[in-house]
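Q: I have a structure to go through with you. Can we take it piece by piece?
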Amino acid sequence: VISVHIFTHSTMKIVVCVDFSEYSDRAVEMAIKIAQPGRDVISLVHIANLAIKDALTNLMVGFDPNLIDSTNQEKVNDAIAGLRRIETNLKDKGISSECTALVGDPKDLLVEEIKRQHPDIVVVGQRGLGKVEKFFLGSVSEHLSKHIHASILIVK
């Protein structure tokens, strides 16, 4: 295995997009391999897509939005717990980290957050979308490549 660091400044910032799928787990593991303990920072970014509330509210008559609000709160709480587990793992490996959890459209918020953080590299997991799903949903990594200027590593 050859390890090459193409970054020459003292601290490298690595943003990892986390959705708690097996693909994002692989992205976190790759970021750990890239990061130099005690030097680099891994920034975990999770976007909770809670747009379902608006869609269901508009489609259903007599819909109780509080039901979805409690479900969304559970999703947010689960995401925070998941980010803390990853952060503990990074700390145990001597890697500095920071976490960001936002609510909204993942593609747009990821672009905004990545631009705000100015990372050296962004690591994302490849999603296993079929042709029809990709046509309708698009690829997060493809969207990022069109809207951010940082290097992107797509992990399979």
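A: One cut-off to begin with: exposed means over 50% relative accessible area, buried means under 20%, and partly exposed lies in between. By that rule Arg 116 counts as exposed, because its relative accessibility is 54%. Bear in mind that this is a predicted model.

Q: What does Arg 116 form a salt bridge with?
A: Its partner is Glu 113, and the closest N and O atoms are 2.5 Å apart.

Q: Is Glu 113 buried or exposed?
A: Glu 113 is buried, at 7% relative accessibility.

Q: Where do Glu 113 and Arg 116 lie?
A: Both are in helix α4, residues 106–117. They sit three residues apart, about one turn of the helix.

Q: Why does that spacing matter for which way residues point?
A: An α-helix has 3.6 residues a turn, so residues three or four places apart point the same way.

Q: Which residues are buried in α4?
A: Pro 106, Lys 107, Leu 109, Leu 110, Val 111, Glu 113, Ile 114 and Gln 117.

Q: What span should α4 have, and what does the model give?
A: Twelve residues at 1.5 Å a residue should span 16 Å. The end C-alpha atoms of α4 are 16 Å apart, so the two agree.

Q: What follows α4?
A: His 118. Its phi is positive, near 50 degrees.

Q: Back to charges. How many salt bridges does the structure hold?
A: Five. Another of them pairs Glu 22 with Arg 26, with the closest N and O atoms 2.6 Å apart.

Q: How far apart are Glu 22 and Arg 26 in their helix?
A: Four residues, in helix α1, residues 22–34. That separates them by about one helical turn.

Q: And the accessibility of Glu 22 and Arg 26?
A: Glu 22 is partly exposed, at 47%. Arg 26 is partly exposed too, at 35%.

Q: What about Arg 39 and Asp 40?
A: Their side chains meet in a salt bridge, 2.6 Å from N to O. Asp 40 is buried, at 0% relative accessibility. Arg 39 is partly exposed, with a relative accessible area of 28%.

Q: Now Ser 24. Where is it, and is it buried or exposed?
A: Ser 24 is in helix α1. It is buried, with a relative accessible area of 3%.

Q: What does the side chain of Ser 24 make a polar contact with?
A: The side chain of Asp 19, at 3.2 Å. Leaving aside neighbours within four places in sequence, Ser 24 is in contact with Cys 17, Val 18 and Asp 19.

Q: New topic: the sheet. What is the strand order?
A: β3-β2-β1-β4-β5, an open sheet of five strands with parallel pairing. β3 (96–103) and β5 (151–155) stand at the edges. Each has a single partner strand, so one side of each is left without a neighbour in the sheet. Neighbouring strands are turned by 20 degrees against each other on average, direction ignored.

Q: How many bridges join β1 to β4?
A: Three, between β1 (residues 13–17) and β4 (residues 121–125), which run parallel. Within β4, Val 122 is the bridge partner of Val 15.

Q: Last one. Which strands does α1 lie across?
A: β1, β2 (41–48), β4 and β5. The helix α1 runs at about 145 degrees to β4.

Note on methods: Residues numbered from 1 in each chain as written. Predicted model: local features only at pLDDT ≥ 70, side-chain atom pairs only at ≥ 80, totals over all residues. Heavy atoms only, no water. Salt bridge = Lys/Arg side-chain N within 4 Å of Asp/Glu carboxyl O. Helix = DSSP H or I, 4+ residues; strand = E, 2+ residues; numbered from the N terminus. Buried < 20%, exposed > 50% of the residue type's maximum accessible area, 1.4 Å probe, protein only. Polar contact = N/O pair within 3.5 Å; in protein donor to acceptor, adjacent residues only side chain to side chain. Contact = heavy atoms within 4.5 Å. Pairing = 2+ DSSP bridges. Axes fitted to C-alpha atoms, helices over the stretch in contact; angles between N-to-C directions. Expected span 1.5 Å × (residues − 1).
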